[in-house]
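Subject: Structure handover and notes

Hi there,

Here is the structure I promised to pass on. Please have a look, and then read my notes below it.

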Amino acid sequence: MSVETPRRIVLLRHAKAEWSQASDHERPLAERGRKDAPVAGRRLADSGIDFDLALCSSAARTRETWKLAVHEFSQRPRTVYEERLYEASLGELIALFNETPDEVRNLLVIGHNPGMHGAADALSGSADGDTLARMTRDGFPTAAYAVVEFPGSWKSVEHGAGKLTEYWTPNG
């Protein structure tokens, strides 16, 4: 694959989690989260994006979100459970994106806020229609996702390098 082929990062925030006695890392999904995750998965499956790789935080709520969402896909992408996604800063997220092999065209990242919202905002130098305004207005609720498209290799992912082409929330 040419490095000139447009690439996509889809940033999916985990579905609604319970506030429990468990450690933050081990918090499970709430009932609403167990309903929203498959809806997000269906929407992603219907998007026409064929994911080459999914990076999923090692936290229980992201793993459970991914398990429920991926059942909606006709083909499961290769999945890597990545500890560095849990509590990742924007710089750490960009470093992870930069490590992506160039044969990957479409990358799905299942993570947490503020990282998912921050990455979508920082990477989006431009946007289709009102997507950026809606994302700014609505924030990045649980089970929401953003699609950022950009040219070049994964090593070229940086602030403002991409275009926000879609922003979706389960209630929007």
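Predicted model: local features only at pLDDT ≥ 70, side-chain atom pairs only at ≥ 80, totals over all residues.

Residues are numbered from 1 along each chain as its sequence is written, and side-chain values use heavy atoms, with hydrogens and water left out.

**The sheet**

Helices (H or I, at least four residues) and strands (E, at least two) are DSSP runs, numbered from the N terminus. Two strands pair if DSSP finds at least two bridges between them. On that basis there is an open sheet of 7 strands with mixed pairing, in the order S3-S2-S4-S1-S6-S7-S5. The edges are taken by S3 (78-82) and S5 (124-127); each has a single partner strand, so one side of each is left without a neighbour in the sheet. On average, neighbouring strands are turned by 25 degrees against each other, direction ignored; the axes behind such angles are lines fitted to C-alpha atoms, for helices over the stretch in contact, and angles run from 0 to 180 degrees between N-to-C directions.

S1 (residues 7-13) runs parallel to S4 (residues 106-111), and 6 bridges join them. Arginine 13 has glycine 111 as its bridge partner in S4. Helix H4 (residues 115-123) packs on the sheet, where it touches S1, S4, S5, S6 (145-150) and S7 (162-168), and its direction makes about 150 degrees with that of S1. Contact here means heavy atoms within 4.5 Å.

S1 is also joined to S6, by 6 bridges, and these two run antiparallel. Arginine 7 has phenylalanine 150 as its bridge partner in S6. S6 in turn pairs with S7 in the antiparallel sense over 5 bridges, with valine 148 opposite leucine 164 in S7. S6 is mostly covered, as 5 of its 6 residues are buried; buried means under 20% relative accessible area, exposed over 50%, and partly exposed in between (1.4 Å probe, protein chains only).

Which residues of H2 are buried? They are Ala60, Arg61, Thr62, Thr65, Trp66, Ala69 and Val70. Their cover includes S1, helix H1 (31-46), strand S2 (53-57), S3 and S4.

Threonine 65 is part of H2, which spans residues 60-70, and it counts as buried at 2% relative accessibility. A polar atom of its side chain lies 3.0 Å from the backbone nitrogen of alanine 15. Leaving out residues up to four places away in sequence, threonine 65 touches Leu12, His14, Ala15, Leu29, Ala37 and Ile110.

Alanine 54 sits in strand S2 and is buried, with a relative accessible area of 0%. With residues up to four places away in sequence again not counted, alanine 54 touches Trp66, Pro77, Arg78, Thr79, Val80, Leu108 and Ile110.

**Backbone points to check**

Most residues other than glycine have a negative phi, and most peptide bonds are trans.

- Asparagine 113 and proline 114 are joined by a cis peptide bond, with omega about 10 degrees; proline 114 is in the loop between S4 and H4.
- Glutamate 87 has a positive phi of about 60 degrees. This residue is in the loop between S3 and helix H3 (90-98), and at 61% relative accessibility it counts as exposed. Glutamate 87 touches Glu92 and His112, not counting residues up to four places away in sequence.
- Alanine 143 has a positive phi of about 70 degrees. This residue is in the loop between helix H5 (131-138) and S6, and at 0% relative accessibility it counts as buried.

**Rings**

Rings of Phe, Tyr and Trp (its six-membered ring) pair if their centres lie within 6.5 Å; planes under 30 degrees apart count as stacked, over 60 as edge-to-face and the rest as tilted. That rule gives 5 aromatic pairs, and ring pairs link Phe51, Trp66 and Phe73 into a cluster.

Arginine 27 lies over the face of tryptophan 19, 3.8 Å from the ring centre. The rule for a charge over a ring is NZ of Lys or CZ of Arg within 6 Å of the ring centre and within 35 degrees of the ring normal.

Best wishes

Note on methods. Polar contact = N/O pair within 3.5 Å; in protein donor to acceptor, adjacent residues only side chain to side chain.
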